[in-house]
Amino acid sequence: MDKAASILIIEDEPQIRVAVRDALREVADRIGEAATGAEGLHAAASERPELVVLDLGLPDSAGVDVCRELRRLLTSPIIVLSARHSEDEKVLLLNAGADDYVTKPFSVLELAARARAQLRRARSSAAAPSPVTLHGLTIEPATRRVDRDGRQIHLTPIEWQILHTLVTAGGRTLTHQQIFDAVWSRQFGSPQQYLRVHITNLRRKIESDPASPRIVITEPGVGYRADVVR
Ligand code: CA
């Protein structure tokens with residue numbers, strides 16, 4: 001894969017900035033650094049990095065707020081560095097626009113692999129939508145046609161929207177709220193309950209064994225993802 005033109009690291013601790021920089025040396029030509037949330041947002045706006053690594057523990061602002069602001073400025077992937085790793089925090093971060101999270105202390109190899117995966121995904125989703133095949137299921141975004149073994153499957157518009165939203169996310173986990181917002185234009189009821197009903201119907205149509213789904217995967221307490229190869 002071609003190196004990214006630039007990556008931005010937002011982290012107040014100098015030793016960790018050095019560790020992240022070392023980890024990502026082979027991934028990007030230029031690595032920018034910021035020590036506060038304010039500096040980070042400023043750098044993101046002026047440098048337009050292809051990827052941001054954001055530490056959640058910053059001296060001047062809550063990491064999740066910086067994440068939300070970054071998402072307003074950029075479509076580039078955001079990888080969060082976090083000391084904790086609770087489901088609630090994952091949901092909060094994904095809703096704030098983060099693409100992935102790495103728990104401290106992190107392995108240099110793991111961080112580099114995650115960064116490459118995010119860059120690959122960002123580049124492929126920028127390209128024209130092409131048919132996707134998942135466990136025998138073919139999904140054609142242009143025509144909205146779904147086939148299994150050459151036989152067309154008829155989905156309701158909502159089932160199509162859910163499947164398309166998950167597949168377009170390229171294997172990334174989306175929270176119940178994110179899927180809900182993408183599929184329904186107005187807010188009503190509980191996203192989790194509402195989704196469960198439609199996901200059950202969708203799986204009955206597209207999975208070869210709906211009781212042990214392989215295409216639409218549940219992330220307990222968080223949301224769902226499509227089993228797209230990263
Ligand atoms: Ca920190």
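**View 1. Strand 8 (residues 145-148) and strand 9 pair in the antiparallel sense over three bridges.** The model shown is predicted: local features need pLDDT of at least 70 and side-chain atom pairs count only at pLDDT 80 or more, whereas totals for chains, interfaces and linings use all residues. Residues are numbered from 1 along each chain as its sequence is written, and side-chain values use heavy atoms, with hydrogens and water left out. Strands (E, at least two residues) and helices (H or I, at least four residues) are DSSP runs numbered from the N terminus; two strands pair if DSSP finds at least two bridges between them. Asp-147 has Gln-152 of strand 9 as its bridge partner. The loop between strand 8 and strand 9 contains Asp-149, whose phi is positive, about 50°, although this residue is not a glycine. Asp-149 counts as exposed, at 67% relative accessibility (buried means under 20% relative accessible area, exposed over 50%, and partly exposed in between, with a 1.4 Å probe and protein chains only).

**View 2. Four strands form an open antiparallel sheet in the order 6-7-8-9.** Its edge strands, strand 6 (132-134) and strand 9 (151-153), each pair on one side only. From one strand to the next, the twist averages 30° (axes are lines fitted to C-alpha atoms, for helices over the stretch in contact, and angles run from 0 to 180 degrees between N-to-C directions).

**View 3. A parallel open sheet is formed by five strands in the order 2-1-3-4-5.** Strand 2 (28-34) and strand 5 (100-103) stand at the edges; each has a single partner strand, so one side of each is left without a neighbour in the sheet. The twist in this sheet averages 20° from one strand to the next. Strand 1 and strand 2 run parallel and are joined by six bridges; here Ile-9 has Glu-33 of strand 2 as its bridge partner. Six of the seven residues of strand 1 are buried, which leaves this strand mostly covered.

**View 4. Four residues coordinate the calcium ion.** They are Glu-11 (OE), Asp-12 (OD), Asp-55 (OD) and Gly-57 (O), at 2.2 to 2.9 Å. Donors are N, O and S atoms within 2.8 Å of the metal (3.2 Å for Na, K and Ca); water is not among the atoms, so sites may look incomplete. Along the chain, the donors follow the spacing E-D-x42-D-x1-G. Distant parts of the chain are linked by Asp-12, in the loop between strand 1 (4-10) and helix 1 (14-24), and Gly-57, in the loop between strand 3 (51-55) and helix 3 (63-73), 45 residues apart. Asp-12 is partly exposed, with a relative accessible area of 27%, and Gly-57 is also partly exposed, at 43%.

View 5. An α-helix has 3.6 residues a turn, so residues three or four places apart point the same way.

**View 6. Polar contacts join the side chains of Asp-209 and Ser-212 and of Thr-175 and Asn-95.** A polar contact is a pair of N or O atoms within 3.5 Å; within protein, one must be able to donate a hydrogen and the other to accept it, and residues adjacent in sequence count only if both atoms are side-chain atoms. The Asp-209 to Ser-212 contact is 2.8 Å. Asp-209 lies in the loop between helix 8 and strand 11 (216-219) and is partly exposed at 37% relative accessibility. The contact between Thr-175 and Asn-95 is 2.6 Å. Thr-175 belongs to strand 10 (residues 174-175) and is buried, with a relative accessible area of 1%.

**View 7. A cis peptide bond joins Lys-104 and Pro-105.** Its omega is about -5°. Pro-105 lies in the loop between strand 5 and helix 5 (108-126).
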